[in-house]
Amino acid sequence: MLMGDRGKYLGLIMGLTFAALLITQQSAIFTGLMTRTYSFINDLSQPDIWVMDPKVQFIDDIKPLQDTELFRVRGVTGVEWAVPLYKGLLKARLEDGNFQIVNVLGLDDATLIGGPPQMIEGNLSDLRRQDAIIVNDVGAQTRLAKRPKEAGGKTTPLQVGDILEINDRRAVVVGISRVSRTFQSQPVIYTTYSRATSFAPRERKLLSFVLVKAADGVNLKEVAQKIRQGTGLAAYTAQEFKDLTYNFYMKSTGIPINFGIAVMLGFLIGTAIAGQTFYNFTLENLRYFGTLKAMGTTNGVLLRMILLQAIVVGVLGFGLGVGGAALFGYLMRGSELAFRLVTEILLLAGGAIGLIIVLSALISIRKVMKLEPAIVFKA
């Protein structure tokens, strides 16, 4: 019955495929986007605890501290070391005179703790040269790339030795790094703390964060609590800071609602298409179900037949939809689009498709259960 009518059979599979594709794709994009909100914290693996102004709500909500707070944090029991970190959005002037907003990170001059996770060209220690900066590879190839001199020409990626101006100060590229993509997608520039604060507009407070390494064998949450009590500042473990950032975007932005609507539309459209098609398929085959009943087939057997038909199209639709979403993510790798397909998304899509086929089958089962075998003898 199921495969005999190719049109309805393919229609069922396509409806479920579309639902699985939309649910998986939108959920993976949402997960990738939310992961980018705290990607900078992931890249800085050395510190155990982040210290900041108590009013900070997420990683990019910079509320500067006085430099003297660094020494207060260093004096807390259980702190092995503490280093400053500058983080801010500054305006860079390119070779052709255009301006680009860049994310400048100032690392401790002595230790360079907090540097990029991977260097492609140059060394982190090169930051100790005069006016030195390290640029991330994506920024060097896109927004900071040199514009073509002739119309229709290709842009030239920023390279080691090129010069920028940041807040009217000379900055020489000494390295290219690879970092995780961030939520805001601006080019990322690393330099020393003292140089970053000289790039920044003059303010009384310029210290963004204090990065803390706890002594061996101590409880991180206890050290964070001591820092809060001793300094009056906020102190979070790396995971707590990730959670703080994630929760801010979840509660204070429209991102979850937008993606939730897209996922719900995929579910509703899949349910409508599969339910209507499966119901019409059942109506057209009522005479065959009636024949089986007249031959002594019980309602239980007919019920298993319908469920088997629904499961077959459900598994095919789920496989094709998830496969299509995975192919989409593979083709878009390395682009600005955030895409992260995790096991939980597969379970979500599988559960949604399972619910769709159950609802579709229930519509048909009710009709078959009430079917009278005498329908076989009607003209």
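Reply: Happy to! On a 1 Å grid over the protein atoms alone, a cavity is a set of points where a 1.4 Å probe fits but cannot get out, and lining residues have an atom within 4 Å of a point. Grid points are joined across faces, edges and corners, and a volume is the space filled by probe spheres set on the points. The model is predicted, so local features need pLDDT of at least 70 and side-chain atom pairs count only at pLDDT 80 or more, while totals for chains, interfaces and linings use all residues. Residues are numbered from 1 along each chain as its sequence is written, and side-chain values use heavy atoms, with hydrogens and water left out.

Searching the whole structure turns up four cavities of 30 Å³ or more. The largest cavity holds about 120 Å³ of space. It is lined by 14 residues, and Asn136, Val138, Arg181, Ser185 and Gln186 are the closest to its centre. Its lining comprises four nonpolar, seven polar and three charged residues; here Ala, Val, Leu, Ile, Met, Phe, Trp, Tyr, Cys and Pro count as nonpolar, Asp, Glu, Lys and Arg as charged, and the others, Gly among them, as polar.

Now for the second largest cavity, with about 70 Å³ of space. Its lining is formed by Arg36, Thr37, Ser39, Phe40, Ile59, Asp60, Lys87, Asn103, Thr182, Phe183 and Gln184. Sorted by class, the lining of this second largest cavity has three nonpolar, five polar and three charged residues.

Note on methods
1 Å grid on protein atoms, 1.4 Å probe; cavity = no way out; pocket = protein on both sides within 12 Å on 5 of 7 lines; lining within 4 Å.
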